[in-house]
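User: Hello! I am new to this structure and would like to learn how to read it. Could we start with the pockets?

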Amino acid sequence: QVHLVESGGGLVQTGGSLRLSCTTSEPTFNVYSLGWFRQAPGKDREFVAAINWSDGHTTYLDSVKGRFTISRDNAENTLYLQMNSLTPEDTAVYYCNTVSNNRPSLPLDAWGQGTLVTVSS
């Protein structure tokens, strides 16, 4: 099991930006495909974005395409989610997780505490 810790959430106005981070002390971080998920109040957790460990291929939820960018720094054992043009519909607790190489929307490990993103109108 890979222990991941999310950070970077906060309160931002509509149209603003935030960058989330996800870090681990796992020494083999670079061999994991990783993803971001979110859970809005009263809703199920949903897939947001993923990045493949091997070729860096990225996958996004349709509603965040063109606004969010997932990236990773293997030297720093850190996964990022740059979020631009935020809307109130992006308000949620955001989580990172390892994901399946063949099904990037499928999380594999236990969930961490997440980081709260609140977008005000």
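Analyst: Gladly. On a 1 Å grid over the protein atoms alone, a pocket is an open set of points with protein on both sides within 12 Å along at least five of seven lines, while a cavity is a set where a 1.4 Å probe fits but cannot get out; lining residues have an atom within 4 Å of a point. Grid points are joined across faces, edges and corners, and a volume is the space filled by probe spheres set on the points. Here the largest pocket has a volume of about 230 Å³. Keep in mind that this is a predicted model, in which local features need pLDDT of at least 70 and side-chain atom pairs count only at pLDDT 80 or more, while totals for chains, interfaces and linings use all residues. Residues are numbered from 1 along each chain as its sequence is written, and side-chain values use heavy atoms, with hydrogens and water left out.

User: Which residues lie nearest the centre of the largest pocket?

Analyst: They are Arg38, Ala40, Lys43, Glu46 and Glu89, out of 15 lining residues. The lining divides into seven charged, four polar and four nonpolar residues. In this count Ala, Val, Leu, Ile, Met, Phe, Trp, Tyr, Cys and Pro are nonpolar, Asp, Glu, Lys and Arg are charged, and the others, Gly among them, are polar.

User: How many helices and strands does the chain have?

Analyst: Helices (H or I, at least four residues) and strands (E, at least two) are DSSP runs, numbered from the N terminus. This chain has zero helices and ten strands.

User: How do I read a sheet?

Analyst: Strands of a sheet pair through backbone hydrogen bonds, either parallel or antiparallel. Two strands count as paired if DSSP finds at least two bridges between them. Strand S5 (residues 46–51) runs antiparallel to S6, joined by three bridges, and Ala49 stands opposite Tyr60 in S6.

User: What is the order of the open sheet of four strands?

Analyst: That order is S1-S3-S8-S7, with antiparallel pairing. Strands S1 (5–7) and S7 (68–73) are at the edges; each has a single partner strand, so one side of each is without a neighbour in the sheet. Six bridges join S7 to the antiparallel strand S8 (residues 78–83), where Leu79 is the bridge partner of Arg72.
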